[in-house]
Amino acid sequence: MEQTLSAKLKSISVGLYYTMPEVILSLGIVAVVVFSFFLRNRKTNVPALLTLGVFIASIAYATLSWTFYRTPVSLFGNMVRADQFSAYFRILADVAAGLTVLMALRSKDLSEKLSSEFYVFLISAVLGSHLLMMSTNLIMVFISLEVLSISSYILAGYKFSRKGAEGSLKYFLFGSAASAIMLYGFSILFGITGTLEFTSATFTNNLSTNQSALVIVSSMMAFAGFLYKIAAAPMHIWAPDVYEGSPMPVIAFLSVVPKLAGIVVLIKLVMAFALTTVQFDWQLVLAIIAMITIGIGNFSALWQNSARRMMAYSSIAQSGFLLIGVVCLTPQSMQALLFYSAVYMASNYAVFIALQAFEKNSIDSIPLFGGVGRSFILISIVLLLALVSLTGIPPTGGFTSKLFMFASLWASYAQTGKTILLWLLVFGLLNTVVSLFYYLKIPYYTFLKTPGSTLPSENTAFENFLAVILVTGILFLFIRPDFLMGWLNTVNFVL
Amino acid sequence: MSLLTLYVFECLAGVAALSILFVRNVFHAALLLIVCLISLAGVFVIYNAEFIAVTQILVYAGGVLVLIIFGIMLSSRLAGKPLQVKSQYVLPASLIGIFSATSLIQLFYKQQFFQQPVAKAGNPITQTGIALMSDFVLPFEVVGLLLLIALLGAAVTASSFYTKKQ
Amino acid sequence: MEHALILGVILFTAGLMTVITKRNAIMVLIGIELMLNAANLNLIVFNQNSPGLSGRFFALFVIVVAVCEAAVGLAIVLRVYKYYQTSEPDQINELKD
């Protein structure tokens with residue numbers, strides 16, 4: 001007993017080296033909280049810069065120790081696993097959070113009331129998503145999902161207005177109901193398998209030997225929590241209200257980071273079920289969910305007049321496209337998913353940064369965009385390119401990423417010959433055309449309508465600068481996709 | 001003897017949970033919740049989870065319930081009317097409820113659950129302490145951070161410092 | 001089969017129905033607490049037959065998380081109440097298409 005205990009403690013201290021980004025984030029939370037005690041002037045930018053430093057340190061550590069993660073290691077008694085797949089998504093989450101800090105510095109929704117606590121919740125949300133991406137144990141999945149969710153509920157209400165409070169309440173009620181259903185599913189799965197480590201052989205073996213309808217029902221319940229996090233079909237209803245009532249930087253964050261975290265853990269869970277011999281077609285269910293999600297997102301987005309609500313439905317549709325990667329579950333589709341997530345993150349942030357710049361000049365509903373292309377030339381062009389990238393037409397990285405995604409879906413269809421995959425492919429392609437109509441609605445107003453009376457009243461140079469960098473990245477990925485893809489090819493998929 | 005106690009606690013918990021559905025007063029619902037949770041703690045004791053049972057009573061009866069009752073009082077201060085709650089979708093919800101309950105119970109009966117004879121080990125509290133600091137140290141630490149976040153978050157969200165009067 | 005599992009099913013469906021039918025945010029919160037407790041009961045009952053303490057520890061962590069959720073949730077309810085003077089989700093409907 002003594003021997004094994006000391007071995008356990010030793011492995012815990014080794015685990016700290018692998019989870020150094022998470023340690024940095026936790027220390028960052030404490031640092032920002034303690035720092036804000038000694039803060040006299042609440043208008044200072046120091047907490048923001050401190051937070052930015054925390055994210056940069058986390059990115060730097062993860063990038064420098066990239067080869068460190070080549071062989072996956074289970075840490076803390078199989079609670080989490082560090083591998084390159086999750087390391088990549090953790091870096092993406094950190095980059096997104098860094099961009100959120102930059103947006104928050106210039107946000108009108110936040111600037112008056114911005115306190116250092118905002119950054120505490122931002123860091124804790126990122127910490128939750130990091131742990132969620134790494135977790136291999138249902139305890140860790142639940143706890144890190146709750147860390148992410150609780151921070152998101154608070155962040156979503158940070159506008160401190162009627163609408164903000166309402167969006168936050170709806171987000172909270174939907175979210176906690178979804179996670180309670182998920183937990184009930186977990187508890188049944190625990191009863192059937194006798195273990196909580198869902199990547200272990202015991203879990204899959206016990207599921208295979210005890211197959212029944214209850215296995216399917218309980219795993220459906222378990223999926224509910226993740227479908228809610230990524231805003232996929234039956235659990236998407238909260239998205240438009242939250243997007244309308246939250247500050248712009250928070251929306252940008254919520255549309256990327258929880259989504260990626262949910263997708264990563266969904267992949268791990270589906271992988272565990274796919275390894276069993278249960279006679280149940282997971283691909284069929286997930287493909288139907290993906291199709292419904294894409295359809296609802298796209299067709300509801302067509303009727304929206306508010307730019308925020310349109311982007312909410314757009315993000316629902318995009319999670320349907322991300323689900324395609326989960327449906328295929330081949331190494332090729334995983335690479336397509338990695339590429340897609342990077343491009344989605346960049347284009348989504350570019351769009352939201354541009355929308356924030358427009359909203360500062362009180363342009364928020366789509367008709368108000370009429371003719372603003374003349375007075376806001378640079379930011380309108382950037383918005384056009386970012387929206388084109390979200391649609392998936394050349395010359396942007398969005399085209400390349402959709403191409404990779406559909407190519408992997410086609411390859412998967414050719415390999416398995418399942419007709420549902422072909423249906424998904426056709427449906428996805430058709431919906432790319434549908435999405436053209438709403439994505440290009442704003443650029444149509446900005447460039448082709450008669451000039452409006454709005455003139456730039458606020459300085460948006462910083463937003464322009466940020467958005468131009470992101471859009472340059474998107475364009476670069478169209479010309480040289482191999483730059484990122486070559487790196488992604490080295491990522492190990494031991495799932 | 002312990003089987004009889006188990007039945008009593010189970011019936012209490014079940015009846016309390018079901019009557020929450022039928023009461024119209026939020027305050028009564030909160031009191032029924034407390035009955036349900038304390039009887040559940042009794043069930044936990046019989047299933048050899050004494051530590052969880054004590055936590056359940058301390059945290060739920062002492063924490064969550066006080067929170068909920070504070071919430072009820074603070075959010076009905078100005079309205080001045082009794083805390084009647086209306087219901088919606090009663091028929092579809094009861095159909096869904098009865099259907100899902102019966103089918104879940106049937107599925108539970110058919111299911112072969114994992115079973116492995118477990119040897120009774122030493123002092124449960126010592127074991128709990130050692131496990132919290134070795135096997136479960138990561139969730140333990142993360143939950144600690146979560147408590148900090150929730151504390152800060154509740155304070156920021158409920159404070160009138162940020163909320164402008166409209 | 002353990003009869004406590006049936007109690008778990010009853011708690012879960014009662015919680016689910018409370019969430020669906022009641023029109024008060026605090027009532028919905030009570031329903032969510034019921035669902036979490038149903039899961040806790042399952043975890044503890046199943047832990048009887050499996051080695052290790054993982055089920056019990058899961059239940060312990062669930063209790064702590066439920067507290068955090070309740071605290072943040074009630075804070076949000078209070079803030080909504082400040083603006084709308086009601087805690088019924090149906091009457092809070094400014095956000096529409």
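## Chain B against chain C: extent

In this predicted model, chain B places 80 residues in contact with 64 residues of chain C. The two chains bury about 6600 Å² between them, and 77% of that area lies on carbon and sulfur atoms. Three residues, Leu21(B), Tyr47(B) and Gln88(B), supply 10% of the area that chain B buries against chain C.

## Chain B against chain C: polar pairs and composition

Between chain B and chain C there are zero salt bridges. Polar contact is found for nine residue pairs across this interface, with both residues of each pair at pLDDT 80 or more.

Six helices of chain B give two or more residues to the side that touches chain C: α1 (2-22), α2 (26-46), α3 (50-74), α4, α5 and α6. The largest share comes from α3(B), with twelve residues. By class, this side of chain B divides into 54 nonpolar, 22 polar and four charged residues.

## Chain B against chain A: extent

The interface of chain B with chain A involves 30 residues of chain B and 44 residues of chain A. About 3200 Å² is buried between these two chains. Carbon and sulfur atoms carry 78% of that area.

## Chain B against chain A: polar pairs and composition

One salt bridge is counted between chain B and chain A. Its partners are the side chains of Lys8(A) and Asp135(B), at 3.5 Å from N to O. The count of residue pairs in polar contact between chain B and chain A is three, again with both residues at pLDDT 80 or more.

On the side of chain B that touches chain A, at least two residues come from each of α4 (90-110), α5 (124-133) and α6 (137-158). Of these residues, 13 belong to α6(B), the largest share. The classes on this side of chain B are 21 nonpolar, seven polar and two charged residues.

Helices α4, α5 and α6 of chain B each supply at least two residues to the side that touches chain A. The largest share is from α6(B) on the side facing chain A and from α3(B) on the side facing chain C.

Notes:
Residues are numbered from 1 along each chain as its sequence is written. Chains are lettered from A and ligands numbered from 1 in the order in which they are written. This is a predicted model: local features need pLDDT of at least 70, side-chain atom pairs count only at pLDDT 80 or more; totals for chains, interfaces and linings use all residues. Side-chain values use heavy atoms; hydrogens and water are left out. Contact means heavy atoms within 4.5 Å. Buried area is the accessible area (1.4 Å probe) that two parts lose on being put together, summed over both. A salt bridge is a side-chain nitrogen of Lys or Arg within 4 Å of a carboxyl oxygen of Asp or Glu. A polar contact is a pair of N or O atoms within 3.5 Å; within protein, one must be able to donate a hydrogen and the other to accept it, and residues adjacent in sequence count only if both atoms are side-chain atoms. Helices (H or I, at least four residues) and strands (E, at least two) are DSSP runs, numbered from the N terminus. Ala, Val, Leu, Ile, Met, Phe, Trp, Tyr, Cys and Pro count as nonpolar, Asp, Glu, Lys and Arg as charged, and the others, Gly among them, as polar.
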